[in-house]
Amino acid sequence: MKITIQVMIEDDAMPQAAKAGVISIERSVEDLRPETLGLKLDEAKEILAEIQTVLVTAQATRFQERQCSCPDCRTPYQKNGTHQLTFRTLFGTIKLTSQRFYACSCHQAKIRRQGQKQLSFSPLAKLLLERTAPEFLYLQTKWVAVMSYGRTAELLEKRSSTATLSGHVQQVATRVDGELGEEQCSFIEGCPQEWEKLPEPAEPLVMGIDGGYVHAREGQNHKAGFFEIIVGKSMTGEQSSKRFGFVNTYDTKSKRRVYEALKSQGMQMNQQVIFLSDGGDDVRNLQLYLSPFAEHILDWFHITMRLTVLGQLTKGVALRPEVTGKKKMQPRFEQDEEEPSPSIPTLEELEHQLERIKWYLWHGNVFRALQVGEDLEEDLDLPEQKNVTIQKMLQAVREFNGYITANEHYIVNYGDRYRNGETISTAFVESTVNEVISKRFVKKQQMRWTKEGAHGLLQVRIQVLNDELQQTFSSWYPGMSETPIATENDKAA
Ligand SMILES: [Zn+2]
């Protein structure tokens, strides 16, 4: 049995429908098996590719036919040869013949007056400035946002190289960034009288900001270190959350990004906005002058993480007597040198002090927390003790006290807030860092990034995570929205 598929092209301008032979499928009637019932994947692909070629070629031909005479004086253009043009689509790469025409004599004089040299042109090349179908570009960027360039290239059966894919991502990211408004020092609009007239605002917006690091790549330099990516997520009530992200030392519109994320969640100037972050100058400045009713809070989660690290160091200090114990095996040399000093605090004492610091901070009592912190510094600062673990612990305590001092204005009464059911922690931001950066940027240790490359991919990834990429593409290519190609199922993938 042989089945032949033919495409018929009907057009009012053509006297009769054109037939284009497509493809034949042969099946043995006697030997039907489950695997020969219906289309095979290869055949389906071949059919689609063939139809696509016929369709694209017919459309391009008809388009060029309509462009072959001067719209002003209706004189047919003189032909100036053809060239081949490659158009990449989801269903195959198509080579099109693009006709060049000489400019009409009625335009020549004008062209010469303007001092332009180009006297011939190609309508099809002018139409297809981008040689990739928007739908194909959309899928490429969407896939790259969630999996590696290599994996995406593989899924596309190597029809796009990783270099092409990364070029496309940059192209999309540049366009997205270009549409972002200008950077401003302040985004606060209006005055208190105007804010009072605004409708009753919704519940507070909670914006968490945090940073993560990715491996840098600078040409052939494989020891280029790291650079920081800052990400954030804003949440409010039932609405879906919005993320933003950028490469700190590359981006020029970071504050605008935060503002747009808040605005997309309907921020009003009279609405309370709570910023939660891990301190740090970059992040702190980022959140200033965005809302007149902003509250800036040092994230409790990060405080406890640092205290946990101190707790682990405490155990190291407490292990010290065992080290001395071992040395007793060689008493001749060591006995007189290092006697256990009674002034070293015990594990219980150290842990107790850390607990007190935590308790004071939980209640927003920075003054008392720092007092205990400084006491702890003194306890550990024993000139006669050159023990490495103690020095390490001392250093860590100093850093912690410095951290608390630098952020003292952002430390609140966490206990009170917690009891009132208010957000105190950016654990959700920690998961944002993981969601936005780790899952795509640091999966493998050997993944290295240029700042430009990371920033571009980040913009595309944020669009995908915020569920905005398709909307963006539809705004660029209005015809695309007729065929929704992103479904709820995609998000789950
Ligand atoms: Zn003309």
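In the predicted model, the buried residues of helix 1 pack against strand 1 (2-9), strand 2 (18-26), strand 4 (92-102) and helix 3 (123-127). These buried residues are Thr53, Val54 and Ala60. Helix 1 itself spans residues 41-66, a run of 26 residues. From its first C-alpha to its last it reaches 37 Å, close to the 38 Å expected at 1.5 Å a residue.

Alanine 49 also belongs to helix 1. When neighbours within four places in sequence are left aside, alanine 49 is in contact with Phe91 and Gly92. The C-alpha atoms of alanine 49 and leucine 90 are 9.0 Å apart in space, although the two residues are separated by 41 positions in sequence.

The protein as a whole contains 20 helices and 10 strands. Of its 493 residues, 27% count as buried. Among contacts between residues at least 6 apart in sequence, 65% join residues at least 24 apart.

Two helix pairs that involve helix 6 (residues 162-179) were examined. In the pair with helix 18 (residues 451-465), the axes are 8 Å apart and the packing angle is about 70°. Helix 6 and helix 18 are therefore roughly perpendicular to each other. The contact is made by Ser166, Val169, Gln170, Val172, Ala173, Val176 and Asp177 from helix 6, which meet Gly453, Gly456, Leu457, Gln459, Val460 and Gln463 from helix 18. By residue class, this contact of helix 6 with helix 18 comprises six nonpolar, six polar and one charged.

In the pair with helix 4 (residues 134-146), the axes come within 10 Å and cross at roughly 100°. Helix 4 and helix 6 are therefore also placed in the roughly perpendicular class. Leu137, Gln140, Thr141 and Val144 in helix 4 meet Leu165, His168, Val169 and Val172 in helix 6. The residues of this contact of helix 4 with helix 6 divide into five nonpolar, three polar and no charged. Val169 and Val172 of helix 6 take part in the contact with helix 18 and in the contact with helix 4.

The largest nonpolar core holds 83 residues, of which Ile229, Leu262, Val273, Ala454 and Val460 touch the most other members. Helix 18 gives the most to this core, with seven residues. Not counting residues up to four places away in sequence, valine 273 touches Pro204, Leu205, Met207, Leu262, Met267, Leu290, Ser291, Phe293 and Ala294. Leu262, one of these partners of valine 273, is itself listed with valine 273 among the core residues that touch the most other members.

Helix 2 (residues 105-113) is hardly covered, and the count of buried residues among its nine residues is zero. Just after helix 2, glycine 115 adopts a positive phi of about 70°.

Positive phi values also occur in residues other than glycine, including glutamate 157, at about 50°, and lysine 158, near 60°. Glutamate 157 lies in the loop between helix 5 (149-155) and helix 6, and lysine 158 is found in the loop between helix 5 and helix 6 as well. Glutamate 157 has 8 C-beta neighbours inside 10 Å and so counts as exposed. Lysine 158, with 9 C-beta neighbours inside 10 Å, likewise counts as exposed.

How values were computed: Residues are numbered from 1 along each chain as its sequence is written. This is a predicted model: local features need pLDDT of at least 70, side-chain atom pairs count only at pLDDT 80 or more; totals for chains, interfaces and linings use all residues. Helices (H or I, at least four residues) and strands (E, at least two) are DSSP runs, numbered from the N terminus. The expected span of a helix is 1.5 Å times one less than its number of residues. A residue is buried if 20 or more other C-beta atoms lie within 10 Å of its own, exposed if 12 or fewer, and partly exposed in between; C-beta atoms are placed from the backbone. Two residues are in contact if their C-beta atoms, placed from the backbone, lie within 7 Å. Axes are lines fitted to C-alpha atoms, for helices over the stretch in contact, and angles run from 0 to 180 degrees between N-to-C directions. Angles under 35 degrees count as roughly parallel, over 145 as roughly antiparallel, 65 to 115 as roughly perpendicular and the rest as oblique. Ala, Val, Leu, Ile, Met, Phe, Trp, Tyr, Cys and Pro count as nonpolar, Asp, Glu, Lys and Arg as charged, and the others, Gly among them, as polar. A nonpolar core is a set of buried Ala, Val, Leu, Ile, Met, Phe, Trp, Tyr and Cys residues joined through C-beta atoms within 7 Å.
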